Amino acid sequence: PPLRVAIMGLGSYGTRVAEAMRDCKRARLTGVISGTPAKITNWQSKYNIPAANCYNYENFDRIKDNHDIDAVYVITPNALHHDQVIRVAKAGKHVICEKPMAVNAKEGQEMVDACKKANVKLLVGYRMHFEPKTLEIIRMRKEGELGKIGFFQGLSGFTIGDPTQWRLNKALSGGGAMMDIGIYSINGARYMVGEEPVWVTAQETKTNPEKFKPGVDETIQFQLGFPSGAVASCLSTYSMNNLDRFFLDGEKGWAELWPATGYGPIKGRTNKGELTQPHMTHQTVQMDEMAAIIQEGKQPVVPVDGDEAVRDLKIIDAIYEAVRTGKKVELK
Ligand code: NAD
């Protein structure tokens with residue numbers, strides 16, 4: 001039987017996931033959690049969700065007694081994930097959580113520990129880990145077709161609009177562009193190079209302190225060093241366009257994705273030519289694959305669990321520390 005999923009947070013990305021799940025073979029939307037009654041009514045009729053599977057932020061602990069829901073997908077503002085994921089775990093349901101999983105590594109680790117204790121799985125919405133062109137480059141690198149890797153460049157950014165949105169409110173976002181979009185370059189550097197970084201340096205630029213208040217980063221350039229000697233150079237920004245590009249360079253070959261992490265189609269080429277793997281709606285593939293991970297213990301090529309998310313959060317912590325101190329930060 002398919003994995004029965006309730007979505008928490010019926011905003012723009014929650015809606016995208018719900019629409020993509022219509023085409024899932026192994027996962028089905030069976031419940032909702034929202035603070036807005038009108039949204040619940042609308043989703044009930046759109047997705048045929050019974051009243052018994054509808055919850056709000058006060059009463060969702062009762063999902064414990066619901067035998068029609070196996071997992072909850074948390075798609076709310078970043079700073080809320082920590083408490084919400086721990087409540088879902090305590091209710092005995094598997095959790096899928098959006099990126100960034102938390103706003104720092106300490107909170108992320110608490111989420112991992114709570115899910116372990118409750119004996120539920122914790123997965124994070126790293127949809128690129130299932131994207132065919134991305135996986136082809138990872139295969140080429142693993143099989144040595146690119147030779148020894150020396151360099152990765154990740155450019156992640158867009159111009160953010162409405163200054164009143166939660167993404168620019170530190171209490172809800174936990175930070176700025178780094179939390180939201182820079183994380184794609186951090187995560188990408190790790191799965192493209194295939195190693196964990198051992199040091200970080202970072203520099204911040206702020207052109208608009210009115211829009212980007214203290215604690216909300218506008219633009220950060222950062223560098224990562226890997227045990228093999230490979231290095232990464234990345235840009236995270238809320239003030240520039242067309243920045244969604246990955247470039248991986250090895251002794252024998254190179255690969256480029258541009259766009260690298262948008263909703264698609266992803267475009268890519270290598271020294272051998274264009275990548276031709278077909279586009280599939282990321283969220284449909286992700287939810288089918290996550291159902292297999294939760295139900296059958298399937299191992300994805302690139303992990304999507306809570307430990308994977310904590311690795312990114314430790315790097316984000318280190319980047320913010322490097323910005324603050326101006327020093328190179330060693331990663332353990
Ligand atoms: P959004 O603002 O469109 O939706 C957020 C939802 O949370 C809204 O429905 C809002 O009503 C609800 N919410 C609940 N409590 C709230 C509170 N106290 N304050 C504000 N809103 C509250 O945002 P979104 O774009 O859907 O992003 C939600 C999460 O999904 C974020 O963590 C974001 O990083 C992530 N996301 C991931 C991807 C991806 O490609 N994986 C894409 C977009 C967003």
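1. L248 stands opposite A255 in strand 12. Strand 11 (residues 243-250) and strand 12 run antiparallel and are joined by four bridges; here two strands are taken as paired if DSSP finds at least two bridges between them. Helices (H or I, at least four residues) and strands (E, at least two) are DSSP runs, numbered from the N terminus.

2. The model is a predicted one: local features need pLDDT of at least 70, side-chain atom pairs count only at pLDDT 80 or more, and totals for chains, interfaces and linings use all residues. Residues are numbered from 1 along each chain as its sequence is written.

3. Which residues of strand 12 (residues 254-257) lie on its covered face, and which on its uncovered one? A255 and L257 make up the covered face, whereas W254 and E256 make up the uncovered one. Strand 11 is mostly covered, with six of its eight residues buried. A residue counts as buried if 20 or more other C-beta atoms lie within 10 Å of its own, as exposed if 12 or fewer do, and as partly exposed in between; C-beta atoms are placed from the backbone.

4. An unreviewed UniProt entry places the feature "domain: GFO/IDH/MocA-like oxidoreductase" at residues 137-255. Over residues 137-255 the chain is 23% helix and 34% strand, and the end C-alpha atoms are 7 Å apart. UniProt positions are in the numbering used here, feature names are shortened, and annotations may be inferred rather than shown by experiment.

5. The annotation "domain: Gfo/Idh/MocA-like oxidoreductase N-terminal", also from UniProt (unreviewed entry), covers residues 3-126. This span is 36% helix and 21% strand, with its end C-alpha atoms 18 Å apart.

6. An open sheet of six strands shows parallel pairing in the order 3-2-1-4-5-6. Its edge strands, strand 3 (54-55) and strand 6 (122-124), each pair on one side only. Strand 5 (residues 94-97) runs parallel to strand 6 and is joined to strand 6 by three bridges, with V95 opposite L122.
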